[in-house]
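Here is a short briefing on one protein model.

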Amino acid sequence: MTGPDPLQHPPVGHAGRGATSMLVEDRDGRRGEIDGRGEWPAVLAEARTAIADIALITDADQAVTFVSSSFTAMTGYEPADMVGRNCRLLQGPGTDAGTPHQMREVLAAGEVFEGEILNYRKDGSAFWAALKIVPMRVGDSLEVTHYVSVQRDISNRVALLKQLEAQAVHDHVTGLPNRIAAERAVEEAVQRSPETDLTVAVGLIDLDDFRIVNNTLGHAAGDVVLQQWATRVLARLREGDVLARMGGDEFLLILGNIARATSDEDLPGILNRLHETVEEPFTVDGRQVRIGMSMGIALVPEDGTDSRSILRSTDEALYLAKGRRNDGVSWWETAAYAQSQSLLDSTTADAVGSRDAGMYRSALRSGNILVHFQPIVDLRDGSIALFEALARLELPGGRIAFPDEFLSHLSTENLRVLFDHVLDRALGLIAGWDRAGVPPNVAVNLPPEILHDRTLPALVGRMLHTHGIEPGRLGLELLESQTMVLETQRAALQELAGLGVRLAMDDLGSGYSSLQRLSSFPFSAIKLDRGLFMHVYDRPLETLSVMATLIQMGRDLEMTVVIEGLEDESLTEAATILGAPLGQGYYFAKPMDLEDCGRWADSFDPNLHRSSIRTPLGALAYHWQFARLAAPHPLELEHCPLTRFVRSIGTTSEAEPWHALQHSAQQMHPASSQYLIQWLTEQIHAPGPQNSQQEAHLESR
């Protein structure tokens with residue numbers, strides 16, 4: 001039997017307490033008394049108004065007893081539509097069946113449910129809601145008598161996440177799938193059960209002479225050519241075929257459902273049609289432009305049984321095709337053309353891989369693990385926020401192996417040994433610096449494979465206790481992995497978060513990092529992968545837009561954002577101007593030995609990044625942050641940090657008056673704002689020490 005609804009009827013009085021006192025117990029068992037003395041309806045009305053997020057109240061059987069005005073505004077359902085009914089009527093065809101099931105289990109246990117659910121309004125339109133349901137015990141009842149539901153419409157946030165997910169796997173110039181999506185597609189192709197009569201062809205395409213277009217007509221013209229070429233190719237592909245951009249002038253082609261028995265006869269016809277895309281010139285600003293293309297193509301599984309070997313085969317075949325592209329015979333080459341060499345290379349590679357794996361594991365067993373530390377700087381005040389601990393292996397002969405080289409060769413047990421060692425060294429750093437009066441925080445990379453070991457949270461807790469370190473001073477950065485399993489690994493992460501350890505999602509924007517994890521795991525920080533910004537000097541506006549969007553997403557999700565790959569002054573300045581909280585990269589310091597950390601910290605200038613605008617990219621970031629909001633520059637012209645930069649260029653161009661118009665209080669000047677953006681972009685593209693520094697760094701990595 002359920003008790004009366006206190007929001008439909010005045011509360012029942014208790015002896016000696018007055019006629020309108022009500023005893024309420026919350027979910028933690030705490031009891032309190034509301035003594036309205038006749039003021040209950042007024043207090044309740046005010047509470048309903050003040051707490052706009054309270055959407056529904058139900059009885060113990062989850063029949064709705066109260067509907068707030070905010071709920072009606074959000075869903076279109078009036079109280080008469082809802083009272084007495086179960087709120088399941090909000091669910092529809094797109095609602096994930098797992099969420100209501102989880103909700104019922106949690107509420108049946110008398111616990112608070114929090115989650116996100118796709119609901120439907122009265123008019124049939126869908127919206128995402130952040131939902132919280134709190135069980136209530138009214139009066140002396142020990143059983144749940146009511147449920148209070150709090151809902152917020154988060155459709156905009158979810159739409160942003162979906163948009164970013166799409167951007168993360170699509171090339172922004174051509175709209176094609178990008179390298180991340182392409183590599184996943186290849187992996188799916190090779191993992192798919194091989195058909196007896198069908199095969200899949202994977203091709204790597206390189207556009208010949210495209211760099212000449214970029215160098216002579218500019219990047220904007222190059223983008224137009226890429227768009228036109230991609231449109232022509234897509235028009236000639238069959239249903240189910242895939243074209244993706246790997247980067248620059250390199251593209252991946254996946255041709256499915258190729259008859260194995262007649263592939264030698266069928267492929268030339270398909271590929272000859274594709275070559276038609278470059279047999280006619282492209283038109284850019286009234287000018288005709290010609291390019292060519294070369295391709296290496298491999299068959300699955302004849303030329304490789306995994307994505308790495310398939311892509312290696314296509315690359316080798318492409319090399320042969322480009323070497324004879326002027327002989328006029330064919331624009332492509334097959335991996336089978338040099339089958340004996342490919343088989344020899346494959347056998348050699350497997351042998352080398354096996355030998356390398358043994359070498360890395362031997363170094364691990366021998367304890368030849370080095371831990372280097374790289375600082376992460378607070379871009380808001382220039383202070384040192386923390387140090388990231390980075391593992392290295394010392395190999396025979398003294399050569400140092402980096403994680404990109406050895407992690408893929410280590411088993412789960414090896415990864416656990418490596419993590420334990422690095423964690424111990426990192427906590428030792430904190431303890432040692434505490435004794436010296438310098439209190440840093442540290443972060444350690446966490447391979448997701450070891451989250452299946454349920455003893456991991458306990459081990460972390462013991463190490464923190466042994467070293468006498470507060471949990472909040474340790475951060476664990478979840479490395480990217482294709483093997484992430486949300487359900488099985490969420491529990492371990494929640495236990496780690498329960499210890500008070502900070503969790504960060506590493507390398508957002510790289511291989512397998514998924515935005516889905518942001519809402520699935522208890523992260524407090526996001527690290528943006530350096531790959532998101534590698535084309536900043538080719539496409540500065542697009543890159544700044546991505547950076548600003550992700551920084552804002554971090555604010556919305558109440559997560560700290562770390563910009564990785566700050567290798568030079570330009571990108572560091574732009575990130576600082578756009579409000580990035582933390583930054584990491586060679587501009588501040590390379591990873592260093594423990595002994596060097598103290599000396600670096602003593603010599604680090606906290607005002608290093610706080611100078612006036614010095615770079616074209618920083619100047620563009622400063623102006624763009626106002627231009628995108630159609631807002632004037634806030635400071636007086638003479639005090640604007642952009643004024644000195646524009647004057648320092650020493651040009652007689654119209655940039656100064658264009659900039660001056662951005663300080664007009666009467667109206668916006670969108671045309672001059674756009675001219676200023678174009679001028680600053682030209683300064684970025686112009687040859688100079690900053691751009692040369694960036695190119696040299698990228699070539700050396």
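**Cavity, domain and ring contacts**

Five elements each supply at least two residues to the lining of the largest cavity: strand S3 (54-59), helix H4 (98-108), strand S5 (113-120), strand S6 (126-138) and strand S7 (146-153). H4 gives the most, with 4 residues. The model is predicted.

**Cavities**
- The whole structure has 2 cavities of 30 Å³ or more.

**Annotated domain**
- An unreviewed UniProt entry places the feature "domain: PAS" at residues 56-86.
- Over residues 56-86, the chain is 35% helix and 26% strand.
- The end C-alpha atoms of this stretch are 11 Å apart.

**Aromatic pairs**
- The structure holds 10 aromatic pairs.
- Trp229 and Phe251 form a tilted pair, 4.6 Å centre to centre with 55° between the planes.
- This pair links helix H8 (residues 219-236) to strand S10 (residues 250-259), across 22 residues.
- Trp229 is buried at 0% relative accessibility, and Phe251 is buried at 0% too.
- Phe588 and Phe604 have ring centres 6.3 Å apart and planes at 75°, so the pair is edge-to-face.
- Phe588 lies in the loop between strand S23 (582-583) and helix H19 (594-603), and Phe604 in the loop between H19 and helix H20 (616-627).
- Phe588 is buried at 7%, and Phe604 counts as buried at 13%.

**Cluster and charge**
- Phe387, Trp433, Tyr587, Phe588, Trp600 and Phe604 form one aromatic cluster.
- The charged end of Arg232 sits over the ring of Phe282, 3.9 Å from its centre.

Conventions
Residues numbered from 1 in each chain as written. Predicted model: local features only at pLDDT ≥ 70, side-chain atom pairs only at ≥ 80, totals over all residues. Heavy atoms only, no water. UniProt positions renumbered as here; feature names shortened; annotations may be inferred. 1 Å grid on protein atoms, 1.4 Å probe; cavity = no way out; pocket = protein on both sides within 12 Å on 5 of 7 lines; lining within 4 Å. Points joined across faces, edges and corners; volume = space filled by probe spheres on them. Phe/Tyr/Trp six-rings, centres within 6.5 Å; stacked < 30°, edge-to-face > 60°. Buried < 20%, exposed > 50% of the residue type's maximum accessible area, 1.4 Å probe, protein only. Lys NZ or Arg CZ within 6 Å of the ring centre and 35° of its normal.
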